Amino acid sequence: MSLQDDLTAVRRNLNELVRSVEQLEKDVARQAPPASRPPGDGAMVSVPDTPYDSSLWTDADDEGLGARDRRAP
């Protein structure tokens, strides 16, 4: 094969890929439910960088590990 033949094959494959992606995008857009907005007014909420008060966690169990003062059966 010559270089020209290779370039022609690459162009043909690229065009086929572009058509396939466009068709896939159309199929996805047709099947996807409309995007729902999260509840609330959409305003951004700022979260402070300061540490939480450690007293909030005094009675909390470690998730998946159970309470600190109890043993597993």
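## The salt bridge

The count comes to one salt bridge, where a salt bridge is a side-chain nitrogen of Lys or Arg within 4 Å of a carboxyl oxygen of Asp or Glu. Asp-27 and Arg-30 are the partners, with 2.8 Å from N to O. The two residues are three apart in helix H1, so about one helical turn separates them. Asp-27 is partly exposed at 26% relative accessibility, while Arg-30 is exposed at 61% (buried is under 20% relative accessible area, exposed over 50%, partly exposed in between, with a 1.4 Å probe and protein chains only).

## About the model

This is a predicted model, in which local features need pLDDT of at least 70 and side-chain atom pairs pLDDT 80 or more, while totals for chains, interfaces and linings use all residues. Residues are numbered from 1 along each chain as its sequence is written, and side-chain values use heavy atoms, without hydrogens and water.

## Fold and surface

The protein chain has one helix and zero strands (DSSP runs numbered from the N terminus: helices are H or I of at least four residues, strands E of at least two). Of its 73 residues, 3% count as buried. The protein chain exposes about 7700 Å², with 56% supplied by carbon and sulfur atoms (Shrake-Rupley method, 1.4 Å probe; for residues, only the protein chains shown count as cover).
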